[in-house]
Amino acid sequence: MRNPLQLVLDFLSPPQERTTPALDKAPRTPDSTTTPEPGALRTTVRPSAPVQMPDEVSIAHPRANRETVLEGMRVAYLFQRVRRRSIGFLVGPDGLEVRAPKWVTLKEVELGLQERAEWVLRKWSEMQERQKNIRQIEWREGASLDYLGAPIHLLLSPQNGRSELNDQRQLLLALPHSAEASQIRDAVQAWLMREAKNLFEQRLNHFAPLMGVQWRRLSLSNAGSRWGSARVDGAIRLNWRLIHLKPEAIDYVVVHELAHLHEMNHSPAFWKVVADILPDHLERRKALQKENLANWA
Ligand SMILES: [Zn+2]
């Protein structure tokens, strides 16, 4: 279970999870014949799925183990039994995942899905939209990738003792000309992570005194769906992939996390702390939303 004191920067959407209001744990009577009570969970269930099954699976999770039809669309999803209090629905890059506690019947799961059909399909189409922004890096000489919001080019440079960026925005990699893609990737990522750590520390040290907070430990993450997080004890986690983005975007995430050392929530008081330092935080946040760190690979 996630540390409740750890706040996750939540503006990056995938994966999105929706939780049902906790279902009643009391034993249920067979529900095929009973009329749902007003206000009960299943009162809003739509008419059953179309009789005709479409041929194509419209949304197919690679590890799908169950299927349903949502508003005429065939959806193959991953279903898991987990220890939790309610059914969880999650739409991620792979598709739909449903997690339910043992005491929830498959029928209830299906009813929950039908209730959320519109939500699932909308999240999926948003996900597809984001996938268009995939930034696949080619790990070869001459290939380019973004560093601080502008492209740099990869160059194999056996005579180099360590990787360095020159004035022409060429990243000279200390690798033989025969280097394989995986070696190039490792060398580039190591360099990016080193740069990320240095820059993030510098920006944390810049903003923390301005905001009257003290951070204690920086760790780098590469969690696809999170830009950063902060804990009350001052530990900050930042996604090293942020190093691909413009400095304004990085500063926004740094300030956002530091602001959590004041306010461990997203209350108006929290946003005031952010706005005091970055009056244009809304624009920065919007620009950030277009980026999909998860897809840098
Ligand atoms: Zn936050």
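Helices H4 and H5 sit oblique to each other in this predicted model, because their axes cross at roughly 140° and an angle has to be over 145 degrees to count as roughly antiparallel. Around that pair, the protein has six helices and 14 strands.

**The H4/H5 pair**
- Two packed helices are described by the angle between their axes and the distance between the axes.
- For H4 (residues 247-259) and H5 (residues 268-277), the axes come within 9 Å.
- As for handedness, the crossing of H4 and H5 is right-handed.
- On the H4 side, the contact is made by Val255, His256 and Ala259.
- H5 brings Phe270, Val273, Val274 and Ile277 to that contact.
- Sorted by class, the H4 contact with H5 has six nonpolar residues and one polar residue, with no charged ones.

**The four-stranded sheet**
- Strands of a sheet pair through backbone hydrogen bonds, either parallel or antiparallel.
- Here, four strands make an open sheet, and the order is E8-E9-E11-E10.
- The pairing in this sheet is mixed.
- At the edges are E8 (144-147) and E10 (164-165), each of which pairs on one side only.
- E8 and E9 (residues 150-156) run antiparallel and are joined by four bridges.
- If you want a spot to look at in that pairing, Asp146 has Pro151 of E9 as its bridge partner.

**The helix across the sheet**
- Helix H3 (residues 181-211) lies across two strands, E9 and E11 (170-173).
- Relative to E11, helix H3 runs at about 115°.

**The E4/E5 hairpin**
- Strands E4 (residues 66-70) and E5 (residues 73-81) also run antiparallel, with five bridges joining them.
- Across this pairing, Glu67 stands opposite Ala76 in E5.
- Two residues lie between the strands of the hairpin.
- Glu71 is the one to check at this hairpin, as it takes a positive phi near 45°.

**The protein as a whole**
- The protein has 297 residues, and buried residues make up 27% of them.
- Take the contacts with a separation of 6 or more: residues 24 or more positions apart account for 51% of them.

How values were computed: Residues numbered from 1 in each chain as written. Predicted model: local features only at pLDDT ≥ 70, side-chain atom pairs only at ≥ 80, totals over all residues. Axes fitted to C-alpha atoms, helices over the stretch in contact; angles between N-to-C directions. Parallel < 35°, antiparallel > 145°, perpendicular 65-115°, else oblique. Left-handed = near helix turned anticlockwise from the far one by under 90°. Contact = placed C-beta atoms within 7 Å. Nonpolar A, V, L, I, M, F, W, Y, C, P; charged D, E, K, R; others polar. Pairing = 2+ DSSP bridges. Buried ≥ 20, exposed ≤ 12 C-beta atoms within 10 Å, placed from the backbone.
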